[in-house]
Amino acid sequence: MVQQPHGPLRSFGRIKARPIKSRQASLLQSLLPTIALDLSRPVDFVTLKSDATEVWLEIGFGGGEHLAAQAATRPDALVLGAEPFLNGVASALRHIEAASLTNVRLHAGDARDLLAALPDASLDRVFILFPDPWPKLRHHKRRLIQQDVVAELARVLKARGRLRFATDWANYADWTLERLTRAPELVWTAQKADDWRLAPADHAPTRYEAKKLGDIAPVYLEFERTAAA
Ligand SMILES: C[S@@+](CC[C@H](N)C(=O)[O-])C[C@H]1O[C@@H](n2cnc3c(N)ncnc32)[C@H](O)[C@@H]1O
């Protein structure tokens, strides 16, 4: 794969991967190759999209519960997912198999490599749900939301495309608001507190969210890509 100009991926709070159960291991062998995105060459987006009405991306899908739930609700949309943690990918494959989903494609790696491979204005929706919080000040530079990633998100989102970011860490919420509202292409859609305090109607709770490890109740920040370039 072409190396992208970003820093190395750091693992947050995961000293050791759990052993992968045998059914999941077999899906890594059989199902993953059939739905894995090939980033060793430029993505042929027209072929990838095929007859899907929209293309969505979930960054850091963890165990894949949310990704699978969204894909099941919208079979007309193609749902891309990026997750470097192999146990998470294996778990997502179980959900994909259980729901017989045919509209999911996965990148078992760094989302920044997938973003770089996508054409401009190609995505209708992006989800970044409960990304690794890196709460210590000296680790903030490891957070996913950085200026280069914000620029990439603005580039790949279509006009009127939407980005949903959720966190239960106050400082990460502030950090993200500061960086995303600084991007002229992205507009925070909230009109009132409940717009960010309450889970959106189409939200599917995630495994990490259920653990309530953060220092605040979850906030859901929804942004819209402006029409202007
Ligand atoms: C705290 S977990 C949350 C997982 C899931 N979204 C949830 O809410 O249950 C953050 C996830 O982001 C993944 N992650 C971290 N950096 C990433 C990157 N650069 N690209 C894609 N995924 C990443 C981690 O492996 C981890 O699974």
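The shell around the ligand in this predicted model is made up of ten nonpolar, four polar and five charged residues. Of these 19 residues, Gly 60, Glu 83, Ala 111, Leu 129 and Thr 206 come nearest to the ligand.

| Residue (backbone atom) | Ligand atom | Distance |
|---|---|---|
| Gly 60 | nitrogen | 2.8 Å |
| Leu 129 | nitrogen | 2.7 Å |
| Tyr 208 | oxygen | 2.9 Å |

On its own, the ligand would expose 590 Å², and the protein buries 91% of that.

Let's turn to helix α8, which runs through residues 170–182. Its 13 residues reach 18 Å from the first C-alpha to the last, close to the 18 Å expected at 1.5 Å a residue. Which residues of α8 are buried? They are Tyr 172, Ala 173, Trp 175, Thr 176, Leu 177, Arg 179 and Leu 180. The cover over these buried residues includes α7 (147–156), β5 (157–167), β6 (186–188) and β7 (219–225).

Strand β7 is also where you will find Tyr 220. This tyrosine counts as buried because its relative accessibility is 5%, and the cut-off for buried is under 20%. Leaving aside neighbours within four places in sequence, Tyr 220 is in contact with residues including Phe 130, Phe 165, Trp 196, Leu 198, Pro 200 and His 203. Ala 199 is another of its contacts; the C-alpha atoms of Tyr 220 and Ala 199 are separated by 6.3 Å, although the two residues are 21 residues apart along the chain. The side chain of Tyr 220 also makes a polar contact with the side chain of Glu 209, at 2.5 Å.

How values were computed: Residues numbered from 1 in each chain as written. Predicted model: local features only at pLDDT ≥ 70, side-chain atom pairs only at ≥ 80, totals over all residues. Heavy atoms only, no water. Near = heavy atom within 4 Å. Polar contact = N/O pair within 3.5 Å; in protein donor to acceptor, adjacent residues only side chain to side chain. Areas by Shrake-Rupley, 256 points an atom, 1.4 Å probe, with all protein chains shown as cover. Nonpolar A, V, L, I, M, F, W, Y, C, P; charged D, E, K, R; others polar. Helix = DSSP H or I, 4+ residues; strand = E, 2+ residues; numbered from the N terminus. Expected span 1.5 Å × (residues − 1). Buried < 20%, exposed > 50% of the residue type's maximum accessible area, 1.4 Å probe, protein only. Contact = heavy atoms within 4.5 Å.
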